[in-house]
Amino acid sequence: MSRPFKPSAIPLRCTLCPKEPIFSDISHLLTHISSKGHLSHKFKLQIRGQTDPHARIELERYEIWYADNNLDELLAERLASKESKSTIKRMRTTSKAVCISHIFLHVGTKIANVSRVGSKTKAKGEDLNARGTNQA
Ligand SMILES: [Zn+2]
C-alpha cells in the first residue's frame, strides 16, 4: 500500500485528443483514457502515424506520458478496486438479508416464548419458586 507514487505529479491533460482536455483529478483522467472517444482518437493517430510523422510524434509523446505515469497500472488498479467493491457490495447485501431474517426469526421466537411464558407464569410461578429454593 505504501508506494512513493504521488497522483498529483501526473500532468492531468490528454495531449492525444484534439481538444487536449484537462482533468481536475486522476479519476477523471482514467475515465477519459478508457473512454470510446479517446480510444478512437488514439486508433486514428496510430493509423495516421503510418504515413504522417507528426501523428507519430504526437502518439509517441502520449505513450511516453502514459508509461512515465504508470497509467496502465493505475487503470488496472482502478478496475480491480471497482470489481472488488462490487463483490463486497454484493456480499454485504446478502449478509444483511441473512442478518435481518435472523433477527426476525429471533424476535419471532422470543415473542412466541414470551406469550407462552406469560400465559403459564401464573400457574408455574409457585413451582419455579419452590424449585429455586430447593436447588439453593
Ligand atoms: Zn484523450
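User: Where should I start, and how are the residues numbered?

Analyst: Numbering runs from 1 along each chain as its sequence is written. This is a predicted model, in which local features need pLDDT of at least 70, side-chain atom pairs count only at pLDDT 80 or more, and totals for chains, interfaces and linings use all residues.

User: What is the average pLDDT of the protein?

Analyst: pLDDT is the predictor's confidence in each residue, from 0 to 100. Here the average is 79, and 63% of the residues score at least 70. Helix α2 has the highest confidence, with a mean of 97, while α4 has the lowest, at 69.

User: How many helices and strands does the protein have?

Analyst: Helices (H or I, at least four residues) and strands (E, at least two) are DSSP runs, numbered from the N terminus. In this protein there are four helices and zero strands, giving the pattern α-α-α-α along the sequence.

User: At what angle do α2 and α3 pack?

Analyst: To get an angle, lines are fitted to C-alpha atoms as axes, for helices over the stretch in contact, and angles run from 0 to 180 degrees between N-to-C directions. For α2 (residues 36-49) and α3 (residues 53-68) the angle is about 135 degrees, and the axes are 7 Å apart. Angles under 35 degrees count as roughly parallel, over 145 as roughly antiparallel, 65 to 115 as roughly perpendicular and the rest as oblique. The helices α2 and α3 are therefore oblique to each other.

User: Is the crossing of α2 and α3 left-handed or right-handed?

Analyst: A crossing is left-handed if the near helix is turned anticlockwise from the far one by less than a right angle, and right-handed if clockwise. The crossing of α2 and α3 is left-handed.

User: Which residues meet where α2 and α3 are in contact?

Analyst: Two residues are in contact if their C-beta atoms, placed from the backbone, lie within 7 Å. On the α2 side these are Leu 45, Gln 46, Arg 48 and Gly 49, and they meet Ala 55, Arg 56, Glu 58 and Leu 59 in α3. By class, three residues of this contact are nonpolar, two are polar and three are charged. For these classes, Ala, Val, Leu, Ile, Met, Phe, Trp, Tyr, Cys and Pro count as nonpolar, Asp, Glu, Lys and Arg as charged, and the others, Gly among them, as polar.

User: Is Gln 46 buried or exposed?

Analyst: A residue is buried if 20 or more other C-beta atoms lie within 10 Å of its own, exposed if 12 or fewer, and partly exposed in between, with C-beta atoms placed from the backbone. Gln 46 counts as exposed because it has 12 C-beta neighbours inside 10 Å. Across the protein, buried residues make up 3% of the 136 residues.

User: Which contacts does Ile 10 make?

Analyst: Leaving out residues up to four places away in sequence, Ile 10 touches Ile 26 and Asn 69. Ile 10 lies in the segment before α1 and is partly exposed, with 19 other C-beta atoms within 10 Å. Ile 10 and Asn 70 are 60 residues apart in sequence, and their C-alpha atoms are 9.4 Å apart in space.

User: What is the phi of Asn 70?

Analyst: Most residues other than glycine have a negative phi. Asn 70 has a positive phi of about 55 degrees, although it is not a glycine. Asn 70 sits in the loop between α3 and α4 (71-135). Glu 20, in the segment before α1 (26-33), also has a positive phi, near 45 degrees.
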